[in-house]
Every structure is written in C-alpha cells, then in structure tokens.
Amino acid sequence: MDNPLIVTIDGPAGVGKSTMAKQLARHLSIPYLDTGAMFRAIAWTLGAGAWEWDTAQIQARLDEMHFGLSGIGEDSVLSLNSVPIGEEIRTEEVGMWASNFATLPVVRTFLKAAQQELGTRFSLVAEGRDMGTVIFPDAPYKFFLDASVEERANRRYRQLKEMGAPADLVVLTEQIAKRDHQDRNRAVAPLVAAQSAVTIDTTTMDKTQVLAALKDGVA
Ligand code: C5P
C-alpha cells in the first residue's frame with residue numbers, strides 16, 4: 001500500500017483508547033489496531049509466570065506466532081495464527097500478565113516488528129502505550145488520552161457491571177494504579193506522551209466529546 005495513514009492513540013489503562021480508536025477508525029474507514037491485545041494474547045498463550053523464562057525459550061515461542069488483521073473500525077479483527085483473539089484476554093489479571101511481558105525487550109522487539117509490518121500494509125488507528133513514541137514516530141496524527149485513576153477505575157467498574165461481571169471498585173482502583181506504575185516506569189518504551197502528541201484529558205469529558213476532539217484533530 002502506498003503511504004498508509006497512521007493515527008496513534010496512547011494512554012494509560014482504562015482511559016477508553018479502544019472505544020475511541022474503533023470509532024475514529026470507522027470515521028476514517030480504516031482498521032484499528034489494538035496493540036494491548038497483542039501483549040495480552042502473548043501473555044494468555046504463554047501463561048502466568050512465563051515472563052520469568054529464559055529469553056531464548058520465550059523467543060522460540062514468539063517465533064511461532066503470527067498476527068493478522070482484517071476489517072474496518074469496530075469490525076476490525078486481530079488474529080493470532082489465524083485464530084481471532086477472543087474475550088478471554090480481557091480480564092484485569094491478564095492485563096497485569098501482559099504488563100509483565102511488556103517489560104521484556106524480547107517481547108517488545110518482536111511486537112515492534114509485527115506492528116510496524118502491519119503499518120506497511122494497512123492504514124491504521126493504532127492504540128497502545130508506545131505507538132507515537134516508538135512504533136510509529138513519523139505518524140502525522142498522534143494523541144495521548146489521559147484521565148485520573150479514580151475516573152478510569154469508575155469507567156471500568158461501570159463497564160463490568162453492565163456486562164453483569166463481578167466488580168469491586170477498590171480492587172479495580174488498586175489494579176489500575178499498579179499497572180500504571182509499571183507501565184510508566186519500565187526501562188523499555190515506558191508510557192509517555194510523544195512530544196508531538198495532542199494530549200486530551202478526558203476526566204470530565206463524555207465519549208461524544210472525546211470522539212469530536214479526535215475527529216477535529218485529524219480533519
Ligand atoms: O491496553 P491494554 O490494557 O490491553 O494493555 C495491556 C498491557 O500491555 C499494558 O498494561 C501494557 O503493559 C502493555 N502494552 C504495552 N505497549 C502497548 C500496548 C500495551 O506495553 N503498545
């Protein structure tokens with residue numbers, strides 16, 4: 001593809017990146033890439049504690065993994081070895097495993113290549129932690145979404161309740177704060193806004209207002 005359009009959205013856990021990325025991608029008629037799902041799928045596949053394996057052992061398992069992408073907007077489907085990645089990766093526990101794998105250079109190097117390769121084949125709204133800083137530093141449109149830990153925990157709480165899933169606001173707040181700390185302080189590709197990113201503090205904004213700000217930013 002000649003000159004794919006890349007839009008990056010970075011930000012902390014629970015800020016609403018996926019929801020916004022899907023809708024912005026629909027608006028632009030391009031796929032959205034959920035890079036957190038790639039870390040989660042690796043974590044889910046290798047399992048709890050595997051982040052402590054030897055680098056060579058992890059590399060050997062990564063070498064067997066191939067990510068694919070199809071669809072547009074909210075219908076984008078990310079697959080691992082031709083199997084669509086499902087809802088089983090969406091727990092806060094798997095999020096924490098993913099955050100542990102995300103500290104490992106071997107995993108980041110592997111996913112960097114996979115994500116950049118997708119970016120040569122597709123226009124993308126790519127969301128994650130290091131899209132604007134490390135993976136697509138030359139992207140013409142970069143956003144950083146932020147919100148207070150309390151507001152993000154509240155949003156996750158309401159989401160879980162709506163799904164009929166068990167949820168404890170105090171535990172969620174602690175989990176999100178812990179993952180934030182690890183994501184912001186790791187040595188490799190820590191969560192930070194790219195210098196050229198437009199930062200949107202969504203704490204007091206609703207989804208319609210955030211989407212409007214993103215659409216304005218790419219207009
Ligand atoms: O966004 P999500 O909560 O699904 O991400 C799970 C974890 O994967 C994050 O807490 C983070 O540690 C890691 N991640 C990352 N870089 C990305 C996307 C996710 O380090 N681009």
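Trainee: How many bridges join strand 1 to strand 6?

Mentor: Five bridges join them, and the two strands run parallel. Keep in mind that this is a predicted model, in which local features need pLDDT of at least 70 and side-chain atom pairs count only at pLDDT 80 or more, whereas totals for chains, interfaces and linings use all residues. Numbering starts from 1 along each chain as its sequence is written, and side-chain values use heavy atoms, with hydrogens and water left out.

Trainee: How are strands paired in general, and in what order do the five strands of the open sheet come?

Mentor: Strands of a sheet pair through backbone hydrogen bonds, either parallel or antiparallel. Strands (E, at least two residues) and helices (H or I, at least four) are DSSP runs numbered from the N terminus, and two strands pair if at least two bridges are found between them. Here the open sheet has the order 2-6-1-7-8, with parallel pairing, and its edges are strand 2 (32-34) and strand 8 (198-201), each of which pairs on one side only. From one strand to the next, the twist averages 20°, an angle taken between N-to-C directions (0 to 180 degrees) of lines fitted to C-alpha atoms, for helices over the stretch in contact.

Trainee: Is strand 6 buried or exposed?

Mentor: Buried means under 20% relative accessible area, exposed over 50%, and partly exposed in between (1.4 Å probe, protein chains only). Five of the five residues of strand 6 are buried, so this strand is largely enclosed by the rest of the structure. Both of its faces are covered, with L124, A126 and G128 buried on one side and V125 and E127 buried on the other.

Trainee: Which helices lie across these strands?

Mentor: Helix 1 (residues 17-28) lies across strand 1 (6-10), strand 2, strand 6 (124-128) and strand 7, and it runs at about 175° to strand 6. Helix 9 (residues 207-218) lies across strand 1, strand 7 and strand 8, at about 160° to strand 7.

Trainee: Which residues touch the most other members of the largest nonpolar core?

Mentor: A nonpolar core is a set of buried Ala, Val, Leu, Ile, Met, Phe, Trp, Tyr and Cys residues joined through side-chain atoms within 4.5 Å. The largest one here has 38 residues, among which I42, F101 and V107 touch the most other members. The elements that each supply at least two of its residues include helix 2 (35-46), helix 4 (92-101), helix 5 (105-121) and strand 6, and helix 2 gives the most, with seven. A second, separate core of 18 residues includes V125, L145, V210 and L211.

Trainee: At what angle do helix 4 and helix 8 pack?

Mentor: Helix 4 and helix 8 (residues 169-185) pack at about 15°, with their axes 10 Å apart. Helix 4 contributes E92, G95, M96, S99 and N100 to the contact, while helix 8 contributes Q175, K178, R179, Q182 and D183.

Trainee: Where do N81 and A189 lie, and what are their phi values?

Mentor: Most residues other than glycine have a negative phi, and most peptide bonds are trans. N81, however, has a positive phi of about 50° although it is not a glycine; it lies in the loop between strand 4 and strand 5 (83-84) and is partly exposed, at 39% relative accessible area. A189 likewise has a positive phi, near 45°, in the loop between helix 8 and strand 8, but A189 counts as buried at 13% relative accessibility.

Definitions and conventions. Contact = heavy atoms within 4.5 Å.
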